[in-house]
Amino acid sequence: MATVAGVAVDPGHWIGGERVRSAGTFTDVSPIGETPLAEIARGGAAEVDAAVAAARRAFPAWARTSRDERARLLHAVADGVEKRIEELAQVETADNGALIRSHRRGVMPRVAHNFRFFADWLLRLGHDDFETRGHTNHVSWDPAGVCALITPWNAPLMLATWKIAPALAAGNTVVLKPAEWTPLTASLLADIAAEAGLPDGVFNVVQGYGAEVGGPLTAHPDVRRISFTGSVPTARTIAAAAAPNLTPLSLELGGKSPLLVFADADLDLAVDLAVEQYDNAGQVCLAATRLLVESSIADEFTARFLEKAGRIVQGDPRDEATDIGPQIHRRHLERVDGFVQRAKADGARALIGGGPNEELGGLYYRPTLFTGAPDGAEILTEEVFGPVLTLQTFDTEDEAVAMANGTRFGLAATLATGDPERARRVTERLVAGTVWVNCFFVRDLKAPFGGSRQSGMGREGGDWSFDFYCDLKNTVTAPWAR
């Protein structure tokens, strides 16, 4: 057992209701001071085969389990999460460097909510029967089988459970591959699920590197669904692995989202929305990293933004007063800095930031705002996934929409305006899976979530989750003889 932030965490895989070791391990390193946390079992094809086999064995009984009983067990998992919110928050902060206050107040409560929501949604899931020339049509959602879930490091447990919860609610069994940089809370979730009474093999966790675990998992012929959140290049690899088996995919990928600020907007609100994009050290796929501001208010907006951004407290994420913590990993910090240095070479000017925080050292990167980047520059078109924003100006609504849609991504967009008609016109033209008007990151699990263009494939949330994790069946019955 490893001890992380005073919490015992088992570094083994969770397969078929048992802890499984591997011949090799890898070191899990905290981004806070780059200190080792644990030696984690390093899985491969053998562990994947064992986990898929365990999930396949458990599937028939779990699929036949009544909706009421599946919902009860998911609520029991949620109860277990709520009892351990502080432990989960401490471990995840140590593991991924996100703010302890966010984990306590928002992220871990949301983990429990993910289970409760899909448990309750399962009980109301249905479609009214309908008639066709006297025949009755009945639509049902049949469990698909073993689901492979591959999740990222920026919000490890929350993003994992909004896949795990609907997959299990639908009657499927799960093999989870957590990100190798943040495996710890997935291990704790396995303990919680077992304590809640989830049958052996219904939920499995295999830890390891993408090529060693993700490769054989996504190519496995017994996997019937694959859900992935991460980068476009990795998604292409997953799609290629899934293609021979025609395994259905749900892909939530990167973004280069815009924040459009019109002259009629509440400027204080617009500035608040803009500075909020530095949340989680910029490691948020939905972040509106491109600030598009109407020319007539650009100077005032910029002055207010710089003043507010200057009050951001960067430091140890375990301190409740901290606003921004470190980047996840040394390799990722170097990637972020590479974007920044290339932007400077392209002629962009950093109004704030522009490099690592020398005072703090380690993996802390200063919140950065660029202006003057040339059209088509990398910093305007590619996802940085760090605390790096750009500012551009526009003069007309048409120009704003064209700039907003001017990337290969389409995950989200944010709009600040005081004109409801403008909001309607602009949102209809934006290419995005989610658009927020005068707000940001308001996310209801009843709503469809996903991206357009290279930001993803498919939608999850509410019925859309069950549509993906199930095989929909329509049964047509002729009138019965009387």
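Me: How many salt bridges does the rule find across the interface of domain 1 and domain 2?
Reply: In this predicted model, the protein is divided into domain 1, covering 2-253 + 455-475, and domain 2, covering 258-437. A salt bridge requires a side-chain nitrogen of Lys or Arg within 4 Å of a carboxyl oxygen of Asp or Glu. Arg 101 and Asp 323 form a salt bridge, with their closest N and O atoms 2.9 Å apart. Across the interface of domain 1 and domain 2, the number found by the rule is 4.

Me: Which helix gives the largest share of the side of domain 1 that touches domain 2?
Reply: Across this interface there are also 11 residue pairs in polar contact, both partners being at pLDDT 80 or more. On the side of domain 1 that touches domain 2, the elements giving two or more residues are helix 3 (85-96), helix 4 (100-124) and helix 8 (232-242). The largest share, 4 residues, comes from helix 4.

Me: Which three residues supply more of the area that domain 1 buries against domain 2 than any other three?
Reply: The contact involves 23 residues of domain 1 and 30 residues of domain 2. The two domains bury about 2200 Å² between them, with 56% of that area on carbon and sulfur atoms. Of the area that domain 1 buries against domain 2, 26% is supplied by Trp 153, Trp 181 and Ser 455.

Me: How far apart are the end C-alpha atoms over residues 24-474?
Reply: UniProt, in an unreviewed entry, places the feature "domain: Aldehyde dehydrogenase" at residues 24-474. Over residues 24-474 the chain is 42% helix and 20% strand, and the distance between the end C-alpha atoms is 48 Å.

Definitions and conventions: Residues are numbered from 1 along each chain as its sequence is written. This is a predicted model: local features need pLDDT of at least 70, side-chain atom pairs count only at pLDDT 80 or more; totals for chains, interfaces and linings use all residues. Side-chain values use heavy atoms; hydrogens and water are left out. Domain bounds come from an automatic or database domain assignment. Contact means heavy atoms within 4.5 Å. Buried area is the accessible area (1.4 Å probe) that two parts lose on being put together, summed over both. A polar contact is a pair of N or O atoms within 3.5 Å; within protein, one must be able to donate a hydrogen and the other to accept it, and residues adjacent in sequence count only if both atoms are side-chain atoms. UniProt positions are given in the numbering used here, feature names are shortened, and annotations may be inferred rather than shown by experiment.
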